[in-house]
Amino acid sequence: MLLEIKKIPEGERNFNIALQIGGKNVEVSLKTERNRANISCLAKYETEIDCECSRCLENFRQKISGEVRFFIVYENDDFADDDFDCYRYKNENEKIDFAQTIHDDVFTQIPMKPLCKEDCKGIIFEEKHESAGDCGQWAVLKKMVKK
């Protein structure tokens, strides 16, 4: 997403932006606050991703949301804060692409072990009773282990 510096007015301003990240639509609500040459930005985003449950292996969609703060400052400004991304510009005609900042934050929100629901029981095997009293897939596994 390109943000034109000259189009950001003094004071506060809100923008609604749609980004494409990893082939998914990401809705971004961007709040800017400009004080002369420096611009503080707060981006809140929301999207859905396709996941596979780490317990039952079923596919499901999970909402991902978050917020990220970044700053746009004039190149000679001595602003330094390791906690936030900082974009520097030389003149008002430049455009800043902050999509990478949103992209990075979205990917940190994706769970390492996604669950389709908190109380997911995991893989459920169908039980088929056989004459020996063993059931379905478990009977096959028991036979394999005995050999």
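Biologist: How many aromatic pairs does a search of the whole structure find?

Modeller: This is a predicted model, and local features in it need pLDDT of at least 70. A search of the whole structure gives an aromatic pair count of 4.

Biologist: What is the geometry of the aromatic pair formed by phenylalanine 70 and tyrosine 87?

Modeller: A pair of aromatic rings is described by the distance of the centres and the angle of the planes. For phenylalanine 70 and tyrosine 87 the centres are 5.7 Å apart and the planes make 85 degrees. Planes over 60 degrees apart count as edge-to-face, so the pair formed by phenylalanine 70 and tyrosine 87 is edge-to-face.

Biologist: Which strands does this pair link?

Modeller: The two residues are 17 apart and belong to distant parts of the chain. Both phenylalanine 70 and tyrosine 87 are buried. Phenylalanine 70 is in strand S5, and tyrosine 87 is in strand S6.

Biologist: Phenylalanine 71 also forms an aromatic pair; which residue is its partner?

Modeller: The pair is edge-to-face, with 5.5 Å centre to centre and 80 degrees between the planes. Phenylalanine 71 is in strand S5, and its partner, 13 residues apart, is in the loop between S5 and S6. That partner is phenylalanine 84.

Biologist: Is phenylalanine 84 buried, partly exposed or exposed?

Modeller: Buried means under 20% relative accessible area and exposed means over 50%, with partly exposed in between. Phenylalanine 71 has 15%, so it is buried. Phenylalanine 84 has 29%, so it is partly exposed.

Biologist: Which residues form one aromatic cluster?

Modeller: Phenylalanine 70 and tyrosine 87 form an edge-to-face pair. One cluster holds these two together with Phe98, so its members are Phe70, Tyr87 and Phe98.

Biologist: Which element gives the most residues to the largest nonpolar core?

Modeller: This core has 30 residues, and Val28, Leu30, Phe70, Ile72, Phe98 and Ile102 touch the most other members. Strands S2, S3, S4, S5 and S6 and helix H1 each supply at least two residues. The element that gives the most, with 6 residues, is S4.

Biologist: How many bridges join S4 to strand S5?

Modeller: S4 covers residues 38–52, and S5 covers residues 59–74. The two form a hairpin with 6 residues between them, and leucine 57 in the turn has a positive phi of about 65 degrees. Lysine 44 has glutamate 67 in S5 as its bridge partner. The strands are antiparallel, and the number of bridges is 14.

Biologist: Which residue in the turn between S3 and S4 has a positive phi?

Modeller: S3 and S4 run antiparallel and are joined by 9 bridges. Lysine 31 stands opposite leucine 42 in S4. The hairpin has 2 residues between the strands, and the residue with a positive phi of about 60 degrees is arginine 36.

Biologist: With which side chain does the side chain of threonine 101 make a polar contact?

Modeller: Threonine 101 is in helix H1. Its relative accessibility is 4%, under the 20% cut-off, so threonine 101 is buried. Not counting residues up to four places away in sequence, threonine 101 touches Val68, Phe70, Asp85 and Tyr87. The polar contact, at 2.8 Å, is with aspartate 85.

Biologist: What distance separates the C-alpha atoms of asparagine 76 and lysine 90?

Modeller: Asparagine 76 lies in the loop between S5 and S6. Its relative accessibility is 61%, over the 50% cut-off, so asparagine 76 is exposed. Asparagine 76 and lysine 90 are 14 residues apart along the chain, and their C-alpha atoms are separated by 8.4 Å.

Technical notes:
Residues numbered from 1 in each chain as written. Heavy atoms only, no water. Pairing = 2+ DSSP bridges. Helix = DSSP H or I, 4+ residues; strand = E, 2+ residues; numbered from the N terminus. Buried < 20%, exposed > 50% of the residue type's maximum accessible area, 1.4 Å probe, protein only. Core = buried A, V, L, I, M, F, W, Y, C linked by side-chain atoms within 4.5 Å. Phe/Tyr/Trp six-rings, centres within 6.5 Å; stacked < 30°, edge-to-face > 60°. Polar contact = N/O pair within 3.5 Å; in protein donor to acceptor, adjacent residues only side chain to side chain. Contact = heavy atoms within 4.5 Å.
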